[in-house]
Amino acid sequence: MGDSKQAPDITLKSVVSGRTVNPRKTAAPLVLVFATQATTELVNPFRAALRQQFPDPAAVVIASVVDLARVPRLMRKMAESALSKRYEEVVATLEPGQDPSQFVVMLPDWKGELAAAIGLPSLGDEMGVAVVAPGGAIAGAYQGTEPLGPTTELLAAISAR
């Protein structure tokens with residue numbers, strides 16, 4: 001953890017909600033979650049635990065970034081369908097009154113460029129998390145299987161500024 005470079009100027013758009021996220025243009029702290037096939041099951045428990053500490057989705061945005069660079073162009077509709085199905089599964093776990101477009105942000109990265117540009121070039125079998133401060137400065141990045149503590153510390157440091 002610990003870096004203060006500027007986030008890349010890359011805009012990703014959710015397949016389901018149409019919401020766009022650009023880490024350089026964030027008005028609230030942004031948590032980018034990069035999962036691999038080996039760590040995809042860690043995302044929802046991590047997001048839920050983080051949401052318990054930071055319940056307001058406008059105060060802390062949590063976005064899952066899905067690297068789809070290896071998906072051939074002809075297979076994109078199938079990938080979008082799979083993402084839509086996963087989105088609906090996650091939405092079904094929300095509490096009544098929680099707006100899915102605010103609480104579930106899933107961003108396909110068709111070029112697979114955001115993780116490396118943010119400081120996580122090779123995740124392997126680990127999960128990656130990056131915290132971006134309002135205005136786009138990268139507060140830090142974490143790679144491993146226990147991201148809650150480091151992520152919480154980074155968000156607290158941003159709030160203390």
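## Overall fold

What pattern does the protein follow, read along the sequence? In this predicted model, the order of elements is β-β-β-α-β-α-α-β-α-β-β-α. That makes five helices and seven strands. The radius of gyration is 15 Å, close to the 15 Å that the globule rule gives for 161 residues, so the protein is as compact as a globular protein of that length.

Taken along the principal axes, the C-alpha atoms fill a box of roughly 45 × 35 × 30 Å.

## The largest pocket

Rolling a probe the size of a water molecule over the atoms shows where empty space is left. In this model, the largest pocket holds about 890 Å³ of space. Its lining consists of 36 residues, and those closest to the centre of the pocket are A35, T36, Q37, V66 and D67.

Helix α2 gives the most to the lining, with eight residues. Sorted by class, the lining of the largest pocket has 20 nonpolar residues, eight polar residues and eight charged residues.

## The second largest pocket

The second largest pocket has about 320 Å³ of space. It is lined by 13 residues, and R47, A48, R51, L94 and Q98 lie nearest its centre.

Which helix provides the largest share of the lining of the second largest pocket? That helix is α1, with five residues. By class, the lining of this pocket has six nonpolar, four polar and three charged residues.

## Helix α1 against helix α5

Two packed helices are described by the angle between their axes and the distance between the axes. For α1 and α5 (residues 148-160), the axes come within 11 Å and cross at roughly 35°. The crossing of α1 and α5 is right-handed.

Which residues make the contact? From α1 they are F46, A49, L50 and Q53, while α5 provides L148, T151, T152 and L155. By class, the contact of α1 with α5 has five nonpolar residues, three polar residues and no charged residues.

Definitions and conventions: Residues are numbered from 1 along each chain as its sequence is written. This is a predicted model: local features need pLDDT of at least 70, side-chain atom pairs count only at pLDDT 80 or more; totals for chains, interfaces and linings use all residues. Side-chain values use heavy atoms; hydrogens and water are left out. On a 1 Å grid over the protein atoms alone, a cavity is a set of points where a 1.4 Å probe fits but cannot get out, and a pocket is an open set with protein on both sides within 12 Å along at least five of seven lines; lining residues have an atom within 4 Å of a point. Grid points are joined across faces, edges and corners, and a volume is the space filled by probe spheres set on the points. Helices (H or I, at least four residues) and strands (E, at least two) are DSSP runs, numbered from the N terminus. Ala, Val, Leu, Ile, Met, Phe, Trp, Tyr, Cys and Pro count as nonpolar, Asp, Glu, Lys and Arg as charged, and the others, Gly among them, as polar. Axes are lines fitted to C-alpha atoms, for helices over the stretch in contact, and angles run from 0 to 180 degrees between N-to-C directions. A crossing is left-handed if the near helix is turned anticlockwise from the far one by less than a right angle, and right-handed if clockwise. Contact means heavy atoms within 4.5 Å. The radius of gyration is taken over C-alpha atoms; the globule rule is 2.2 Å times the number of residues to the power 0.38.
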